[in-house]
Amino acid sequence: FLLFLTKIEEEPNKNTDKKSIEDESWSPSEDMTLIKYVKRFGRKWDIIGRKIHRSKFTCRSRYNKLTNK
């Protein structure tokens, strides 16, 4: 168990080196893609999120903001 913890601590955290797409603002083309996918798949945020490489929560929030719902 201690060996496992030591190995984890030695590995650098790659997530802090790169800016996550979740932190980036949405472009107009991404907004249009989001709306297109909602029309195609309904409100299946997990599917839509995987397609546009954002979390389902971010997609839902953005769609609600765009549609004022």
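1. Helix 2 (residues 28-41) has 14 residues and, at 1.5 Å a residue, should span 20 Å, which agrees with the 20 Å between its end C-alpha atoms. The expected span is taken as 1.5 Å times one less than the number of residues, and helices are DSSP runs (H or I, at least four residues; strands are E, at least two), numbered from the N terminus.

2. This is a predicted model, in which local features need pLDDT of at least 70 and side-chain atom pairs count only at pLDDT 80 or more, while totals for chains, interfaces and linings use all residues. Residues are numbered from 1 along each chain as its sequence is written, and side-chain values use heavy atoms, with hydrogens and water left out.

3. On confidence, the mean pLDDT (the predictor's confidence in each residue, from 0 to 100) of the chain is 80, and 65% of the residues reach 70 or more. Over residues 12-19 pLDDT stays under 50, and the model has one contact beyond four places in sequence for this stretch, contact meaning heavy atoms within 4.5 Å. Where pLDDT is low, the predicted coordinates should not be read in detail.

4. As to the overall make-up, the chain has four helices and zero strands, and its pattern along the sequence is α-α-α-α. Of its 69 residues, 20% count as buried, a term that means under 20% relative accessible area, with exposed meaning over 50% and partly exposed in between (1.4 Å probe, protein chains only). Among contacts between residues at least 6 apart in sequence, 48% join residues at least 24 apart.

5. Which residues of helix 2 are buried? They are Asp31, Leu34, Tyr37 and Val38, and they lie on the same side of helix 2 because they cover an arc of only 130° around the axis, the arc being that of the directions from the helix axis to the C-beta atoms. These buried residues pack against helix 3 (45-52) and helix 4 (56-67), whereas the face turned away from the buried side carries the exposed residues Pro28, Ser29, Met32, Lys39 and Arg40.

6. Helix 2 and helix 4 pack at an angle of about 100°, with their axes 10 Å apart; axes are lines fitted to C-alpha atoms, for helices over the stretch in contact, and angles run from 0 to 180 degrees between N-to-C directions. That angle makes helix 2 roughly perpendicular to helix 4, the class for 65 to 115 degrees, where under 35 counts as roughly parallel, over 145 as roughly antiparallel and the rest as oblique. The contact is made by Asp31, Leu34, Ile35 and Val38 of helix 2 and by Cys59, Arg62, Tyr63 and Leu66 of helix 4.

7. Glutamate 30, which lies in helix 2, is partly exposed, with a relative accessible area of 22%. Its neighbours within four places in sequence left aside, glutamate 30 is in contact with Ser25 and Arg54. Glutamate 30 and isoleucine 52 are 22 residues apart in sequence, and their C-alpha atoms are 7.9 Å apart in space.

8. Two backbone positions deserve a look. Most residues other than glycine have a negative phi. Histidine 53, in the loop between helix 3 and helix 4, has a positive phi of about 60° although it is not a glycine, and histidine 53 counts as exposed at 58% relative accessibility. Just after helix 2, glycine 42 takes a positive phi of about 75°.
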